[in-house]
Amino acid sequence: MAFDGMSRRDVLRASALATVAGGTLAAPAVHAQATTTLRCGFWDHWVPAGNGIMRELCAEWGRNNRVDVQVDFITSVGNQNLLTIAAQAQARSGHDILSFPTWEPSAHARLLEPVDDVVGRLVAKYGPINPAAEFLAKREGAWRAIPAVSGTQQKPCLARFDLLQEHAGLDVRAMYPAEDRTGPGVDQWNWDTFLVAAEKCHAAGFSFGLPMGSFTDAVDWVGALFRSYNAKFIDESGTVTVRRDPGVRAGLEYMVKLARFLPNDVWAWDDASNNRSLISGRSALIFNPPSTWAVAKRDAPQVAEKCWTFPMPAGPAGRFTPYLPYFWGIWSFSRNKTAAKGLLEFLSDRTSAERQTTTSSGYDIPPFGSMANFDIWRTEGPPVGVVYNYPLKPHHNATQSVAFAPAPAEIAVQAYNQAINTKLVARVAQGGETIDQALTWAERELRNFARG
Amino acid sequence: MAADGSVLVGRTEGVTSLQRFARRRSTIAFLMTLPLILVIGGLVAYPAVYAMYLSTLNRTMVRNIGLENFAILLDTDTFYMVILQSCIFAISAVLLKALIGFWLAHMLHDIPAKGQRKWRGMLLIPWVIPPALSTLGWWWMFDPSYSSINYLLNVFAVPSVPWLGEPWWARVSVIIVNVWYGAPFFMIMYLAALKSVPEQLYEAAAIDGATGFQRLRYITLPMMRNIISITVLFSLIVTFANYDIVRVLTNGGPRDLTHVFATYAFQVGILSGNVPRGAAVSLFMFPLLAIFAFFVLRGVTRRNKEEA
């Protein structure tokens, strides 16, 4: 029997071919379905678009690698992220990847999967990771987490250049122009000059908005100041040196002088108080990432267009920039370690890093010095160049500082989260204790952190 | 029915000992209370015992160090401040809540029944708003830089008050918020107690020529003694364990001078990664409060027996 010239055998052959072809063509679609689910808990970004880009990058990688990437954003408001980390570490269950702030990778090192292979490949491509991030992420010779792009911030000076010029005679745009060079006056940009400027601006009604409470903004900038006086609260071996260290005493004496020119309520300020003081036009200078400027651009454009970012003043031991890095860590109890490493490597490459930094208006700082030249820092404004000097550049002649480094992580994490440095200053400047009394208190607290 | 309360079951054909056991009243009672026992065991007893176990571990939770965490805490100046502040906070807040609640209850009791309901409803509002939310409202009013209360003070030429920046004002602020939140609870409990005092007692006292104070001293207070004791005990326990008000308002600052046990335990245990020491902080008041509760409840039981 034949159909229009086709034999029964031809029809069968054609249908068999069609079945095989159909199956073959359909096969990739079947295999393209994600078989792995990767659960990520990233830091809930201050800059709203910062979450969107992370979601986008994860989806992109997930599509290409046939992995279902589920992303949660965990806020640091009310220390919710620290609570989540502690809960998951206790339960040995939760996300595969989690964002860890500052001291947390070290504190949870034994529960984090080593990521030397990923870091090795990234370093081979982009050069060394900054020493502060390496110190925090490496334990017992192994990288326990990857220094993250999203969320990592520095807290240099963010100031009203018009007010500093008018009341303190400082032309910060000339000192640190939006170019790879410094200008006149940089050699005099030290804590003594800063004190004089603070006094003048205070007298003019624009006190510097420097928090002195127990939140990270306060602990970070006070930590950088003490570091620039070569102060060590605890040494590398865990020995408490705070009472005998001349750097601590010198930094403390300086802070007591500076506190007289700060608003009288800085002891209760949180991480938003300094932002508000600049945006409202009450302060001439704060130490903060560009998020304050970004909010001012939206809510108080007349303030934003007079802002400028530039490095911290130098102390006897050099110039240090407060650094609050985030890290991406993989729990050792994760069931998808290979996929997790793949995603983190993708998020850390230059293209992904630039997309994160650009979307966050320059807020996110990559851990590689070779990435300090993203376009966004040059083009963002008004005023154009406002965040040019936000990332650390060679001509700044500065180093990133982490409060309480180089103390062992188990002690430093307690000192950091209990804000021992700001409380030390507050005891003298606000509480009326002598320097020796305050140092004795700090020594006892730090010793007890090491016990048990 | 047998003397032990079990239902007598005859040795009928086909009834196994298991079936007889299941038919006993004590077994049925046990089975019916089992869900509650499981809930209390899982959500109260287990966490409490686990917290006690945790407090005996070292920082990395791999070694038992007995009571060392408590010894370390007692060697820390900050912890002594926490004990002092917790006592100042709890005792002054409970006293103020009791006094204000007592006064409000009397005021309400004297309002005719028709208008009483709306006043009762309005006065209960602070107690029904979630404390974290209402504390956030208070924080805005006390905000270090933009306090609305200070704005009003300035209108009347009164200088600004550093509500949260100066230690004593910060202590006062957290107590004010706690009293604002908790006074309605005392009010409603005392109002219920007032309504149960027989009117004849007041009438008899009036005939005897008793003054208002004498009626309060010899009728109202003795009749309300049990409810006052239980309310104060309950509130003292809850206030000692308070967390959200201090956490939202001051975060324990300035200089740790407003920390209470719960906020300090959170700071030490969760934020600083020293869970065992945090557990020790949170357990510290347990024996003292247990002894206090024992004596208060024993007094209530004795008075009940005397009245019976």
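Is Arg255(B) buried or exposed, going by its C-beta neighbours inside 10 Å? Here are some notes to go with the structure.

1. Arg255(B) has 26 C-beta neighbours inside 10 Å, so this residue counts as buried. The cut-offs: a residue is buried with 20 or more other C-beta atoms within 10 Å of its own, exposed with 12 or fewer, and partly exposed in between, the C-beta atoms being placed from the backbone.

2. A word on what you are looking at. This is a predicted model, in which local features need pLDDT of at least 70 and side-chain atom pairs count only at pLDDT 80 or more, while totals for chains, interfaces and linings use all residues. Residues are numbered from 1 along each chain as its sequence is written, with chains lettered from A and ligands numbered from 1 in the order in which they are written.

3. Please have a look at the backbone around Arg255(B). Its phi is positive, about 55 degrees, although Arg255(B) is not a glycine. A cis peptide bond joins Gly253(B) and Pro254(B), with omega about -10 degrees. Pro254(B) sits in the loop between helix H11 (244-249) and helix H12 (261-271) of chain B, and Arg255(B) also lies in the loop between H11 and H12. Helices (H or I, at least four residues) and strands (E, at least two) are DSSP runs, numbered from the N terminus.

4. Chain A has a positive phi to check too: Arg92(A), not a glycine, has phi near 50 degrees. You will find Arg92(A) in the loop between helix H3 (80-91) and strand S5 (97-101) of chain A. Arg92(A) is exposed, because 10 other C-beta atoms lie within 10 Å.

5. Chain A also holds a cis peptide bond, between Pro382(A) and Pro383(A), where omega is about -10 degrees. Pro383(A) belongs to the loop between helix H17 (375-379) and strand S16 (398-401).

6. Pro162(B) is buried, since 22 other C-beta atoms lie within 10 Å. Leaving aside residues up to four places away in sequence, Pro162(B) touches Asn264(A), Asp265(A) and Trp169(B); contact here requires C-beta atoms, placed from the backbone, within 7 Å.

7. Finally, the annotation. An unreviewed UniProt entry places "domain: ABC transmembrane type-1" at residues 83-296 of chain B; such positions follow the numbering used here, feature names are shortened, and annotations may be inferred rather than shown by experiment. In the model, this span is 79% helix and 0% strand, and its end C-alpha atoms lie 22 Å apart.

Notes. Contact = placed C-beta atoms within 7 Å.
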